[in-house]
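Please look over the structure below before reading on.

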Amino acid sequence: MNNLIKYLIYVFSFIFIILFTYIIYGSKSYKINLIIQKIYKFLNNFPISRSYVSKISYRYRLISPCHSKTIARKTVSTCIISWSISICAFLLIFISNRRLITLITVGFAIYIINSEVASRLAKKHEIKLLTEMQKMLEDIVHYFYMDYRIDNAIYRAREKLSQDMKAAVDQIYDLLLSTDREEGLREYYDNVPNKYLRTFVSQCIGLMEHGDQVIDGKLLFIRNLENLQREIDIEIDKQQRLNMEFMGVILCVVSPIFCIELVKQFAISIKENMFDFYYGRWGFLLDLCLLLIISSIYIIMRKSAEYTSFHQSSHKWLLRIDRIGLVKKAMDNYCTKNASKQERLQRKLRNNGSNIKARYFVLRSFILAISVFILSVGITIYLHQYSRSRQLLVKEENLEVLIPTVKEVHYDSIAHTIETYTRKYIERPDIIPNNSHDMVDRLKKDGIIYSPLVAEAIAEDILDRVIKYQNDYFSFLDLVICLYISILAYYLPKILLKYSGIVSKDAMEDEVNQFNALIGMLMYNDTMTVKQILQEMESFAVVFKQSIRICIDEYGSDDIYALIKLKEREPYEPFRRIVDNLIRCDEMPISMAFNEIQVDRDGYISKRKLANEKSIKKRVIRAYVLAALPFLLLFSYGLMPVLISAIKEINLILNELQNTVW
């Protein structure tokens with residue numbers, strides 16, 4: 001079997017290398033592109049892979065407005081890499097040890113592998129694109145000074161760009177040469193989510209429509225492009241630092257999943273009678289708890305390393321469930337009785353950048369609790385059945401511990417005796433002997449004769465197995481434990497939301513700094529309005545996105561009232577200061593209302609970098625603390641049961657010695 005697994009891994013790895021090489025380096029070939037397009041179309045339409053593929057392609061579109069063929073190529077390559085590693089993990093883990101807990105372990109491993117591979121590849125592409133965008137802005141500034149025409153500068157800078165970036169620049173160039181630039185800009189905003197490209201396009205359109213002006217002896221357009229370059233530089237530094245720091249941390253968190261079996265074997269090698277514990281009911285439960293804890297820590301790590309929500313779910317399945325009559329009535333009653341709690345929960349969700357409604361969040365928690373309850377009941381019943389089946393089987397290691405003086409040639413006959421009488425008394429509990437002495441007499445009566453010591457050990461083992469079998473059933477205590485686990489599952493999303501709130505504070509600070517930098521580029525434009533500033537802020541926002549969107553929708557009816565409501569919705573003080581300045585724009589020019597931003601520009605950049613450094617350090621320190629937990633749990637899992645068992649045996653020996661008459 002092991003040789004077959006190795007052979008399969010070698011063959012699959014060879015096929016994977018060929019496919020991956022063709023996709024990456026043979027992408028210019030028409031036939032290869034055609035194959036990639038067909039694979040992408042198939043995966044995008046196949047029910048099982050549709051959601052996964054759409055999330056990956058959506059993320060690449062969010063990073064940059066690449067050509068559809070480029071999106072398909074990157075999506076297919078990501079799928080091939082993640083699925084290939086997942087299949088290798090399945091072959092290595094499950095096929096070599098076919099058990100339910102191993103299958104569950106493989107499921108957790110595949111989830112983490114797919115999530116990590118997709119995130120790493122997309123992040124690598126994003127950093128590459130930001131670096132190229134920064135170089136592009138440098139070239140545009142250089143070429144702009146030749147004839148002070150932005151369209152010519154973009155055209156000249158285009159020649160040095162990669163194919164992905166050329167596709168983005170071509171869209172911008174066509175937009176600048178279009179007859180209706182305002183309509184084109186609105187369409188561009190609707191189709192291109194990249195905030196830096198949107199800001200650059202906005203500056204170019206403003207330059208072509210209204211011209212340039214000199215501020216403090218420097219062209220405003222050049223000044224804004226330099227500020228945009230600084231923002232991109234800060235973002236690149238942040239992404240590279242987080243990517244590097246969290247790579248090792250996440251590896252430390254995930255690696256214990258693949259070491260559980262090794263730890264079990266190590267513990268059994270120390271104390272052989274621990275086999276029943278680690279491969280029995282308690283071992284299964286401890287394995288499951290360890291996997292759940294590691295997965296929860298991984299999710300928290302991923303949120304810390306990468307705050308931005310790349311795929312906003314529409315939660316259609318929750319909407320369908322909520323339409324069911326009984327569910328709708330129950331949720332209406334709950335939301336009515338807990339209106340204030342729902343309002344606070346909605347505020348927390350909005351602050352965390354989540355687009356789910358509080359009602360659906362609670363409904364999802366109830367569904368999770370019910371699902372966990374059903375699953376825990378099923379697992380408990382399975383464990384009882386598994387434990388009962390183990391009582392009917394006698395293995396060699398059991399006999400070595402039970403009767404160490406017996407030779408191996410007698411193991412089969414003793415095992416057959418124990419199994420036969422155990423099954424007999426389980427089927428007919430009315431004829432069970434009262435004690436081990438009666439059991440020994442019964443064996444002698446049936447013609448099964450061993451030495452007194454061996455017969456006594458066999459009799460005690462048979463009675464012990466029968467009693468364990470009879471007491472192994474789904475009890476009321478099991479039901480209470482399952483209910484308790486389901487209650488914990490209900491509160492788990494709220495616990496994760498609370499931690500996300502800690503992470504979101506760092507994101508709030510980062511967003512406010514970006515808002516200040518953005519407003520610093522827009523404030524000297526005489527045609528700029530407060531509503532346009534809000535729209536630009538929305539393109540940068542994640543945490544404050546929903547609140548700003550509501551403010552924009554309400555702005556047409558009463559602008560001051562909409563800004564005041566925005567201030568009330570968001571309690572974060574630095575953001576409120578920005579809103580205060582927006583309100584002041586009703587009485588004075590925007591440049592005067594936000595004059596504090598430009599008072600100490602160099603000092604502001606230094607503070608921005610320092611704040612970015614502190615934010616990264618806080619995330620990394622939290623990650624280091626959490627990363628130590630899986631290894632501590634794995635260490636305890638390997639040694640604590642062995643130590644507890646050894647201490648119990650020592651206490652039994654001491655008690656026997658004390659009761660022995662010398």
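This is a predicted model: local features need pLDDT of at least 70, side-chain atom pairs count only at pLDDT 80 or more; totals for chains, interfaces and linings use all residues.

## Helices H5 and H7

Two packed helices are described by the angle between their axes and the distance between the axes. For helix H5 (residues 100-147) and helix H7 (residues 163-176), the axes come within 10 Å and cross at roughly 60°. Angles from 65 to 115 degrees would count as roughly perpendicular and those under 35 as roughly parallel, so H5 and H7 are oblique to each other. Their crossing is right-handed.

On the H5 side, the contact is made by His 125, Leu 129, Glu 132, Met 133 and Met 136. These meet Asp 164, Met 165 and Val 169 of H7. By class, the contact holds 5 nonpolar, 1 polar and 2 charged residues.

## Helices H23 and H26

The axes of helix H23 (residues 530-540) and helix H26 (residues 573-584) come within 11 Å, with a crossing angle of roughly 155°. H23 is therefore roughly antiparallel to H26, since the angle is over 145 degrees.

From H23, Val 530, Ile 533, Leu 534 and Met 537 take part in the contact, and from H26, Phe 575, Ile 578 and Leu 582. The contact of H23 with H26 consists of 7 nonpolar residues, with no polar and no charged ones.

## Helix H21

Helix H21 (residues 452-471) has 20 residues, so at 1.5 Å a residue it should span 28 Å. The C-alpha atoms at its ends are 29 Å apart, which agrees.

Notes:
Residues are numbered from 1 along each chain as its sequence is written. Side-chain values use heavy atoms; hydrogens and water are left out. Axes are lines fitted to C-alpha atoms, for helices over the stretch in contact, and angles run from 0 to 180 degrees between N-to-C directions. Helices (H or I, at least four residues) and strands (E, at least two) are DSSP runs, numbered from the N terminus. A crossing is left-handed if the near helix is turned anticlockwise from the far one by less than a right angle, and right-handed if clockwise. Contact means heavy atoms within 4.5 Å. Ala, Val, Leu, Ile, Met, Phe, Trp, Tyr, Cys and Pro count as nonpolar, Asp, Glu, Lys and Arg as charged, and the others, Gly among them, as polar. The expected span of a helix is 1.5 Å times one less than its number of residues.
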